[in-house]
Amino acid sequence: MLRTDQLVRRAAFLVLAALIALLPLGGCSVLKAAPIGPVTLRFAYRPGQVEMQPLLDAYMRDNPGIVVEAVELSDSTRPSLNRDLQEGKIDIVRDYRGSLYFQVRAGTFEPLDGMVEGGDWGKFRDDYFAGAWDGLKVDGVLYGVPAGLEMYVAYANLDAFESAFVEPPPVDWTLDDLVLYASQENQPEGTPGQAAGVVYGFGTYYLSVDPVILVYLRGGDLLDSYENPTTAYLNTTEALEAVTFYTDLVTRYHLSPRPALVGAYFRSGGMPYACAQGYCALWFGMFSQRGGGTNVYGTIDNWDFNWKMLPLPRGAQTISLGDVDGYYIASNSDNKQQALKLVRYLADQWEASGVRFPVRKSHAADVRYINKVGRQTAEIGSLAAENLVILPQLYGRPGGFILGSFFNAIFRIIESHEDPQAALDSAQEEITARLLGWQSEEED
C-alpha cells in the first residue's frame, strides 16, 4: 500500500522544502583558487542557480585590493559548510533560506538590522518587491539581503493543447477555468510510456504544495503563526473549499491519476517527472523550472515540448506563493564590512538573480533581462511578484506534523472516499492536541 504514516511524515518534510521551493543549505568545496591579496573574501553559492563568477571577476577588477574566492555549495557535503562557518572560513553565503532559521539559532549568520537601512542602501530599498526583505527575517530580525525570488506559476503544454485543437488558458484565468481547460485536454486512458496519447489534464499529487496553494487562493491559511504556532486552520470554510476542489480534480473529474497509480506509472519520479515528459497539459511549478528543472535524481529534465507560463489561476484572491533567497554575512567573518560591500555591488546586478526572478522592480523591467527570458515570461513573473506572498517557513516539529495530518486527510478523501469535512475535522483535532502538548512541554 502506498499510504503509511511513515511515508506521509517523510513526504511532509520534503514538501517543507517544496513550499519554499528549495533545498537545504549545502556543504562546500573550492571552485577556483585565487591569488593572495590584502583582503580575501570566501563566497559560497550554488553555481547551478546563478553564473556568479563573471560578476565576482568584474568586482575584483574594479576593486584591486579585494580577492573573492568562489566556493561551491552542494547537498552532499553540508557538514563542511557548517564547520567552515563556525571556524570563520566563509564570509558570505548566497543560498535558499531553507536552513536560515537553524543557522541563526547556531549563531553563524550576522544580524543586519542597522546595516542596510540608511545611507546608500536606503536609496533603493523601495525598489524591491514587497515582502522580499521581511522574508529574510527570523523573530523579527533581518539576517539577509534579498537575492532572487522563486514563485509558483502555472505551465501549459502547448503541444498537448495543439493536438487537441484547444487554445491554452488566458492570463486572467480562474480556478473554474482550470477545470474547464484541463477537462478539454484530459485523455488519461492507457499506461504512460506504453500507450501513445496519454495526457492528464492537470498534473498533481496530494503530497505536493498544490493543495496548500489552493488554500491560499481560497483566502485561507494553515496556521496562526509559523514560528510559534498555537492554532491550526485546517477545517475552516476556506480550507474545506480548497480541499474539496482539489480532491474533485482527482476523484470527480479524473484529471490526475490516483496516488497509487502515480507510483505505479512514474515510481519515484512522480508527477514532476510526468509533467517534464509531456504527460500533463497543465500543472503548477516554480518560475525557475521554465523549460526544465532538476529532478529527484539531481539531473536536469529538459522539456521536449513547447510550453507557456501562466500566473496561478485566480480564486478568492489573485496571488502567487513563493520564496526569496538571500546573501548572508557569516558572523565569524573577519571581513564583514568588505563582505557587505560586495553584497551591495551584487544587489545592483540584475544578472545576480540567476534562474530566479529579480528581487528589484527596476531589474525586472530591464530590457536586457526581458530579452534574456522573453517578454511573456518576464510579464508573468512581474505579475506574480507584484502579488507575491512569501511563504513563511514551518519550523521544527509542528511543520512536518501539520503537513502530514493535512496530507493524510486528503489521501483519505481520495482513496477511502471519506467526507472532506470529517477528514479535516479529524486532522484539526489531531493537530490541536499536538500543539497543546508541545506548548505544555515548553512551559515545563
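Colleague: Of the 444 residues of the protein chain, what percentage count as buried?

Modeller: Good place to begin. This is a predicted model, and in it 56% of the 444 residues count as buried. The accessible surface of the chain comes to about 18600 Å², and carbon and sulfur atoms hold 50% of that area.

Colleague: How many helices and strands does the protein chain have?

Modeller: There are 17 helices and 14 strands. As for how the chain is tied together, take the contacts with a separation of 6 or more: residues 24 or more positions apart account for 77% of them.

Colleague: Can we look at one such pair of residues? Which residue lies 25 residues from E72 along the chain, with its C-alpha atom 6.6 Å away?

Modeller: That is P47. E72 itself sits in strand β3, residues 66-74.

Colleague: Now a helix. Which residues of α7 are buried?

Modeller: Helix α7 spans residues 175-185, and its buried residues are L175, L178, V179, Y181, A182 and E185. Note that the list takes in a glutamate, E185.

Colleague: And what covers the buried residues of α7?

Modeller: The cover includes both helices and strands: α6 (158-163), α8 (210-217) and α9 (237-251), along with β8 (200-203) and β9 (280-286).

Colleague: Two of those helices, α8 and α9, also meet each other. How should I read a helix pair?

Modeller: The general idea is that two packed helices are described by the angle between their axes and by the distance between those axes. Here the axes of α8 and α9 come within 8 Å and cross at roughly 135°. That angle makes α8 oblique to α9.

Colleague: Is the crossing of α8 and α9 left-handed or right-handed, and which residues make the contact?

Modeller: The crossing is right-handed. From α8 come D210, P211, L214 and V215, and from α9 come A239, A242, F245 and Y246. Sorted by class, this contact has seven nonpolar residues, one charged residue and no polar ones.

Colleague: Let me try another pair. At what angle do α2 and α12 pack?

Modeller: Helix α2 (residues 53-62) and helix α12 (residues 336-346) pack at about 120°, with their axes 11 Å apart. The angle makes α2 oblique to α12, and α2 passes α12 in a right-handed crossing.

Colleague: Which residues make that contact, and how many of them are nonpolar?

Modeller: On the α2 side you will find L55, L56, A58 and Y59, while α12 brings Q338, K341, L342, Y345 and L346. By class, the contact of α2 with α12 has seven nonpolar residues, one polar and one charged.

Colleague: Is F165 buried or exposed?

Modeller: F165 counts as exposed, at 78% relative accessibility.

Colleague: Where is H254, and what is its phi?

Modeller: H254 lies in the loop between α9 and α10 (259-266). Its phi is positive too, near 55°, in a residue other than glycine. With 48% relative accessibility, H254 counts as partly exposed, because the exposed class needs over 50%.

Definitions and conventions. Residues are numbered from 1 along each chain as its sequence is written. This is a predicted model: local features need pLDDT of at least 70, side-chain atom pairs count only at pLDDT 80 or more; totals for chains, interfaces and linings use all residues. Side-chain values use heavy atoms; hydrogens and water are left out. Buried means under 20% relative accessible area, exposed over 50%, partly exposed in between (1.4 Å probe, protein chains only). Helices (H or I, at least four residues) and strands (E, at least two) are DSSP runs, numbered from the N terminus. Contact means heavy atoms within 4.5 Å. Axes are lines fitted to C-alpha atoms, for helices over the stretch in contact, and angles run from 0 to 180 degrees between N-to-C directions. Angles under 35 degrees count as roughly parallel, over 145 as roughly antiparallel, 65 to 115 as roughly perpendicular and the rest as oblique. A crossing is left-handed if the near helix is turned anticlockwise from the far one by less than a right angle, and right-handed if clockwise. Ala, Val, Leu, Ile, Met, Phe, Trp, Tyr, Cys and Pro count as nonpolar, Asp, Glu, Lys and Arg as charged, and the others, Gly among them, as polar. Accessible areas come from the Shrake-Rupley method with a 1.4 Å probe; for residues, only the protein chains shown count as cover.
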